[in-house]
Amino acid sequence: MLKVHLPDGGVKEFSQPVRVLDVASSIGPRLAKAAVAAVVDGKTVGVDTPLPEAGDVQLRLLTKKDAEALGVMRHSCAHLMARAVMRLYDGVQLAFGPTTGDGFYYDFAMPHKLSEADFPQIEAEMARIVKADEPFERLVEPRDRALAVVGDLKQQFKVEHISTGLADHPTVSFYRQGEFLDLCRGPHVPSAGFVGAFKLMSVAGASWKGGAARDQLQRRYGTAWF
């Protein structure tokens with residue numbers, strides 16, 4: 001038996017396997033529709049996260065009103081930007097795409113030199129992705145299988161990161177959104193339609209994992225708000 005402890009002091013009990021979203025649905029359909037992510041025992045997770053089958057967990061559901069939800073959405077918007085860039089340009093190598101204090105960035109290596117003149121086209125493609133509202137799907141793979149996946153995608157930075165930075169991880173996670181698949185620990189919003197207003201801000205130079213002698217990258221900054 002699983003006991004889910006809620007912030008108001010209520011407790012939900014489940015005798016069958018459940019995800020965070022199932023708990024939200026048991027509280028009410030409006031909450032399930034509004035849930036962006038959740039905090040489970042102090043860790044921010046996606047709503048598709050399975051909960052333990054037994055024991056006790058503390059669960060706080062996050063909606064657009066919660067500060068933690070903004071970071072989740074911004075990270076998802078970084079994925080949308082990367083997906084749009086890969087649709088528009090050839091030879092894109094993906095590095096990392098974290099959030100920042102007021103937005104997000106994603107680092108790329110690519111033949112085309114990005115400039116502010118490219119922003120409108122990329123933003124338009126991002127808007128099309130938001131409108132399609134495809135789900136973010138989390139996939140967990142054994143490390144050897146993950147290496148094969150990024151190798152098939154010809155994503156050299158991801159191959160190196162799994163081989164070195166994640167060398168002691170038996171499994172690694174990906175997120176799929178439509179045709180776009182990226183190595184990522186998450187979490188993400190349930191689907192692209194949760195992304196609100198966004199704007200690309202600037203382009204700067206960067207280097208792979210901060211090494212001056214490493215591959216030179218293009219860092220594209222953006223911001224997003226519900």
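A residue is called buried when its relative accessible area is under 20%. By this criterion C184, with a relative accessible area of 9%, is buried in this predicted model. C77 is buried as well, with a relative accessible area of 0%. Q218, which lies in strand 12 (residues 216–225), also counts as buried, at 12% relative accessibility.

| Residue | Relative accessible area | State |
|---|---|---|
| C77 | 0% | buried |
| C184 | 9% | buried |
| Q218 | 12% | buried |

**Cysteines**

A search of the whole structure finds zero disulfides. The cysteine sulfur closest to that of C77 belongs to C184 and is 14 Å away, so the separation is too far for a bond. C184 likewise takes part in no disulfide, since its nearest cysteine sulfur is that of C77.

**Surroundings of Q218**

A polar atom of the Q218 side chain is placed 2.9 Å from the backbone oxygen of H112. Beyond its neighbours within four places in sequence, Q218 is in contact with several residues, among them Y106, D107, F108, H112 and A204.

In soluble globular proteins, nonpolar side chains tend to be buried together. Here, the largest nonpolar core has 38 residues, and M81, V85, F108 and I122 have the most contacts inside it. Elements that each supply at least two residues of this core include strand 7 (104–109) and helix 4 (119–132). Helix 3 gives the most, with 11 residues. Leaving aside neighbours within four places in sequence, M81 is in contact with residues including F104, F108, I122, L200 and R220. A second, separate core of 18 residues includes L2, A35, L51 and V57.

Key. Residues are numbered from 1 along each chain as its sequence is written. This is a predicted model: local features need pLDDT of at least 70, side-chain atom pairs count only at pLDDT 80 or more; totals for chains, interfaces and linings use all residues. Side-chain values use heavy atoms; hydrogens and water are left out. Helices (H or I, at least four residues) and strands (E, at least two) are DSSP runs, numbered from the N terminus. Buried means under 20% relative accessible area, exposed over 50%, partly exposed in between (1.4 Å probe, protein chains only). A polar contact is a pair of N or O atoms within 3.5 Å; within protein, one must be able to donate a hydrogen and the other to accept it, and residues adjacent in sequence count only if both atoms are side-chain atoms. Contact means heavy atoms within 4.5 Å. A disulfide is a pair of cysteine sulfur atoms within 2.5 Å. A nonpolar core is a set of buried Ala, Val, Leu, Ile, Met, Phe, Trp, Tyr and Cys residues joined through side-chain atoms within 4.5 Å.
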